[in-house]
Amino acid sequence: MIGECRRLALDALREGNLKKAEECLRTMDEIYTELMGLDESYMLVSGLRRKNDVARKIIEATRGDVTQEIRRSELEKQLKRFEKRIQARVTSLMSIR
């Protein structure tokens, strides 16, 4: 399930849908938290601890991808604002001449 959520998050990032990607990440965290609360299940289900370790790695990789895209998106917005300010100044300087 966590691997499917990662796939959905990456698809959302490719589509530019940061909110959906963050929602997928929250769901992954909730699933992992619930799994970690089942201490006795480690004795009943063989290989569960390893699956939880793999799930944690998948979640952290997804968190890094989502964070990087959020920062990249914010940088892009700031650069566009900066570009508009520069263009406005150049335009005003050109009108003075």
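Being three residues apart in helix 4, Glu69 and Arg72 are separated by about one helical turn. This is a predicted model, in which local features need pLDDT of at least 70, side-chain atom pairs count only at pLDDT 80 or more, and totals for chains, interfaces and linings use all residues. Side-chain values use heavy atoms, without hydrogens and water, and residues are numbered from 1 along each chain as its sequence is written.

Q: What makes the contact of Glu69 and Arg72 a salt bridge?
A: A salt bridge is a side-chain nitrogen of Lys or Arg within 4 Å of a carboxyl oxygen of Asp or Glu. The N to O value for Glu69 and Arg72 is 2.6 Å, so the pair meets the definition.

Q: Why is the pair Asp29 and Arg56 called a salt bridge?
A: Their side chains meet at 3.7 Å, N to O, so the pair falls within the 4 Å limit. Helices here are DSSP runs (H or I, at least four residues), numbered from the N terminus.

Q: How do you know which class Asp29 belongs to?
A: Its relative accessibility is 22%, so Asp29 counts as partly exposed. Arg56, at 24%, also counts as partly exposed.

Technical notes
Buried means under 20% relative accessible area, exposed over 50%, partly exposed in between (1.4 Å probe, protein chains only). Helices (H or I, at least four residues) and strands (E, at least two) are DSSP runs, numbered from the N terminus.
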